[in-house]
Amino acid sequence: MSTFASFKSLSRAMYLGFRRDKGALFFTIVFPLMFLVIFGGVFGNQTTSKAKVIQIGRVTVLDQARAHDGAELGKIMSITGGTDRAAALKKVREGDADAAVEQRGDSVVMHYSAADQVKSGTVRGYMESIVQTANIAVTGRPPTYRMVPEQVEDDSTKAIQFFTPSLLGWALASAGVFGASQTLVTWRTKGILRRLRLSPAPISAVFGARVVVSIGIALAQMALFLAIARLPVFGLKLQDSWWMAIPLVVSGVLAFLSIGMVIGAWAKTQEAAQTVTQLIVLPMAFLGGSFFPLDGAPGWLQALSYVFPLRYLNEGMLNVMMRGLGPSSALPQIGILLGISLAGAVVATRLFRWDAA
Amino acid sequence: MEKPNSTRGRVSPGLALRNFLIMAYTISVDGLRKRYGDVRAVDGVSFDVHQGEFFGILGPNGAGKTTTLEIIEGLREADEGTVTVLGLPPWPRNSTLLPRIGVQLQASSFFERLTAREQLQTFGSLYGVPAEKADAMLETVGLGEKADVQVEKLSGGQAQRLSIACALVHDPELVFLDEPTAALDPQARRNLWDLLREINTGGRTIVLTTHHMDEAEVLCDRVAIMDRGRILQLGPPAALVRGLDAPARISVASGLLAEEDARALPGADTVSDDGVSLTISTRDPSAVVAAMAAKDALAGVQIHGGTLEDVFLELTGREYRA
């Protein structure tokens, strides 16, 4: 009759119940991962496609540029050769190529379409710079000024870097709140709580089991998220203190469980619990910054976002996993999440009922 | 709960005897009252249950059976009155008492998506019962073949058996069964009765609530008939029926005997014919049957004595509504 034996068997019962619940498995594990794959895929490779340029016949400057610095040029332009001028112009007209370039004496003529002005403008810029470089080279003197382009974003702003922790936060929130509220309502309406009350198992074993199973599921979710995001397709890069996300996840799960316990203690039916859970989790996911970064959001929205525990979890995880902040940077968020857990637990205890009646 | 106006606080020879008896009884209930708002769910109930007894609480829905049971089990606190179970007060939650009692709840309170075996092992482990013993219990209730079936896929009768197994898995001295045969078909009910009788052999005390009169008659050593929060009568079913002096009903197929002829039979009180069968109500069934035999009118005869249903009708003046 030891507390631990009760705790162990209840944990097992809860885990098996979860694992065999296809709906729960889908919504807590697969569904968020689908979002990760879609968001990571859609926003992940937002590099502009290369300019397609057709070279008609011989174009001296272009040949020189390719010979001199072909690899660098290849990153921004794909140049195909062609002798048929009419066919090349037709391709440009139809949008299959961005520009066609030919040489007339000392002039480099670039044919472009007005249909895509951004693209043609880009190609024009490239071509002008190639011509200028050639002109300077002809003088035989080294250039006085150099332009060194540097992108302000480094790898860490790639979409996957944002979406991995944020969507994980959402997944944890919905699994935690749903798990706790559904367990509590179902167990009460089905009379399992009464049955447990009539057994010598301590109540702490009952709740301890729920908490431990939820934390286990959360860590599995985290592992899956990281494993998928680190696939070469998505290319997630973790910063040194990423492991600090583990205590963050644990305290986040506690906060979500306590919210779920409050809902579960209050709600009379499963339907009511489900509705209220959705009403809390979805706005929390949006306003807590799981679906889009809040950095650019208006001030009032940012202020509002701090109402939701998910905001602290997301921010904490972004800081340690992506922004490269130190381990101690997560402590305030952990503290706040634990505070929310405690407050929720107090409220849930006061609302708690053993019986459906 | 001790109340200030209770005489129980003082030490007297009578009290000492009473306390001794309480220890001897498996359950002792005295002056139990429970009110929900204006409704007196339990309104002054007293009874004792002996060790090894099969005790029934019988009554229509809303009679107060379940509330009475819940107070005895320790799920609810009584407004007034005292309860001792195995010599201990069940309220507040008493974890030395709990392992000694087994409770089968009205609803099938199972963990979701577990198999019958896992279900029973889980409940067993709450009492420190090893898995092998839980598996053996599954055989006892005849669910050995269903061990790996998830509870959601069990039939009504199988689910009831499993919930009884969950109540018995830790081998309790006292078992509470709350409407164990509710919503079962007649065949499954009869099968379950056999199981319940088996459980009772070997000195285990069983308290059963039911709203089926026939069930109480067949199973229980003693029955408390409850209605509107009170016990109307308490005793062995046979004694209750005998004390009733209820008429027997003799019925044969319609057309064997004309109604007028039946009325003329010696001992016949009332006669009715619904077109299917002719029923004679009598307090002297042997005389009526003998006379019918003389008329060769006994084909398909059925004789019904008084039932607890009649007792209920007599006590309350209204039809028994299950």
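## Reading sheets, helices and cores

Mentor: Let's start with a pair of strands: β3 (residues 54–58) and β7 (residues 205–210) of chain B run parallel to each other, paired over 5 bridges. Helices (H or I, at least four residues) and strands (E, at least two) are DSSP runs, numbered from the N terminus, and two strands pair if DSSP finds at least two bridges between them. In this pair, B:Leu58 is opposite B:Thr210 of β7(B). This is a predicted model, in which local features need pLDDT of at least 70 and side-chain atom pairs pLDDT 80 or more, while totals for chains, interfaces and linings use all residues. Residues are numbered from 1 along each chain as written, chains are lettered from A and ligands numbered from 1 in the order written, and side-chain values use heavy atoms, without hydrogens and water.

Trainee: Which strand order does the open sheet of 6 strands have?

Mentor: The order is β5-β6-β7-β3-β8-β9 in chain B, with mixed pairing. β5 (101–104) and β9 (230–235) of chain B each have a single partner strand, so one side of each lacks a neighbour in the sheet.

Trainee: What packs on the sheet, touching β5 and β6 of chain B?

Mentor: Helix α5 (residues 156–168) of chain B does, and its direction makes about 160 degrees with that of β5(B). Contact means heavy atoms within 4.5 Å; axes are lines fitted to C-alpha atoms, for helices over the stretch in contact, with angles from 0 to 180 degrees between N-to-C directions.

Trainee: How do I describe two packed helices?

Mentor: By the angle between their axes and the distance between the axes. Here, the axes of α1 (residues 3–19) of chain A and α3 (residues 116–126) of chain B come within 8 Å and cross at roughly 155 degrees. That makes α1(A) roughly antiparallel to α3(B) (angles over 145 degrees count as such). Residues of α1(A) including A:Leu10 and A:Ala13 meet residues of α3(B), among them B:Thr122.

Trainee: And which residues have the most contacts inside the largest nonpolar core?

Mentor: Nonpolar side chains tend to be buried together in soluble globular proteins. A core is a set of buried Ala, Val, Leu, Ile, Met, Phe, Trp, Tyr and Cys residues joined through side-chain atoms within 4.5 Å, buried meaning under 20% relative accessible area with a 1.4 Å probe, protein chains only. The largest has 123 residues, and B:Phe111, B:Leu162 and B:Leu308 have the most contacts inside it. Its largest share, 15 residues, comes from helix α6 (residues 159–189) of chain A. Leaving aside neighbours within four places in sequence, B:Phe111 contacts residues including A:Leu10, A:Ala13 and B:Thr122.

Notes:
Buried means under 20% relative accessible area, exposed over 50%, partly exposed in between (1.4 Å probe, protein chains only). Angles under 35 degrees count as roughly parallel, over 145 as roughly antiparallel, 65 to 115 as roughly perpendicular and the rest as oblique.
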